[in-house]
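Dear colleague,

Here is the structure I said I would pass on. My notes on it follow below.

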Amino acid sequence: MSNEPFATGHCLCGAVTYTINGAPMRMAQCHCKDCQRASGTGHMSLAFFKANDVEIAGETASYAATADSGNVNTRHFCPKCGSRVFGENTGRPGVVGIAVGCVDENDWFAPEAVVYAASRPGWDVTSEEIPNFETMPPPPK
Ligand SMILES: [Zn+2]
Ligand SMILES: [Zn+2]
């Protein structure tokens, strides 16, 4: 066993840094309109980790929005540079969704699903070779 973390990352300005000490539980791309607005582009690429496996350093600001599932999705971002860093969802307690673009080495990212594909803009390309869900599929049991 090595002590190397699974991954490290930081926001654009470097004020928020994180270390991830375990492999992702789930990886997905989300085209919901909230993710489009929060990211300023067509989708978010998210890797979900056990919250206990992620150490975050630096202040974040956050914005909580209620998703159509009724769950509250709190998106954390750097107050200085605005990078989206991670999110938490009341439907997934103990899990954090890391915005993969802020991860230093992210070649391991392999989305297992595309969610809210019904909201995918015609100009944004994500794989249709993996399961695509019109909205949010029910959580795995
Ligand atoms: Zn920053
Ligand atoms: Zn979304």
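This is a predicted model: local features need pLDDT of at least 70, side-chain atom pairs count only at pLDDT 80 or more; totals for chains, interfaces and linings use all residues.

V96 belongs to strand β9, which covers residues 95-99. Leaving aside residues up to four places away in sequence, V96 is in contact with F49, A51, V54, F86 and E88. Q36 lies 60 residues from V96 along the chain, and the C-alpha atoms of these two are 19 Å apart.

Strand β9 is part of an open sheet of 7 strands, ordered β6-β7-β8-β9-β4-β3-β10, in which the pairing is mixed. From one strand to the next, the twist averages 30°. Within this sheet, β7 (residues 72-77) and β8 (residues 84-89) run antiparallel and are joined by 5 bridges. R75 stands opposite G87 in β8.

There is also an open sheet of 3 strands, with the order β1-β2-β5 and antiparallel pairing. Its edge strands, β1 (7-10) and β5 (54-57), have a single partner strand each, so one side of each has no neighbour in the sheet. Neighbouring strands here are turned against each other by 15° on average, direction ignored. Strand β2 (residues 17-20) pairs with β5 in the antiparallel sense over 4 bridges. Opposite I20 stands V54 in β5, and V54 is also one of the residues that V96 touches.

Regards

Terms used:
Residues are numbered from 1 along each chain as its sequence is written. Chains are lettered from A and ligands numbered from 1 in the order in which they are written. Helices (H or I, at least four residues) and strands (E, at least two) are DSSP runs, numbered from the N terminus. Two residues are in contact if their C-beta atoms, placed from the backbone, lie within 7 Å. Two strands pair if DSSP finds at least two bridges between them. Axes are lines fitted to C-alpha atoms, for helices over the stretch in contact, and angles run from 0 to 180 degrees between N-to-C directions.
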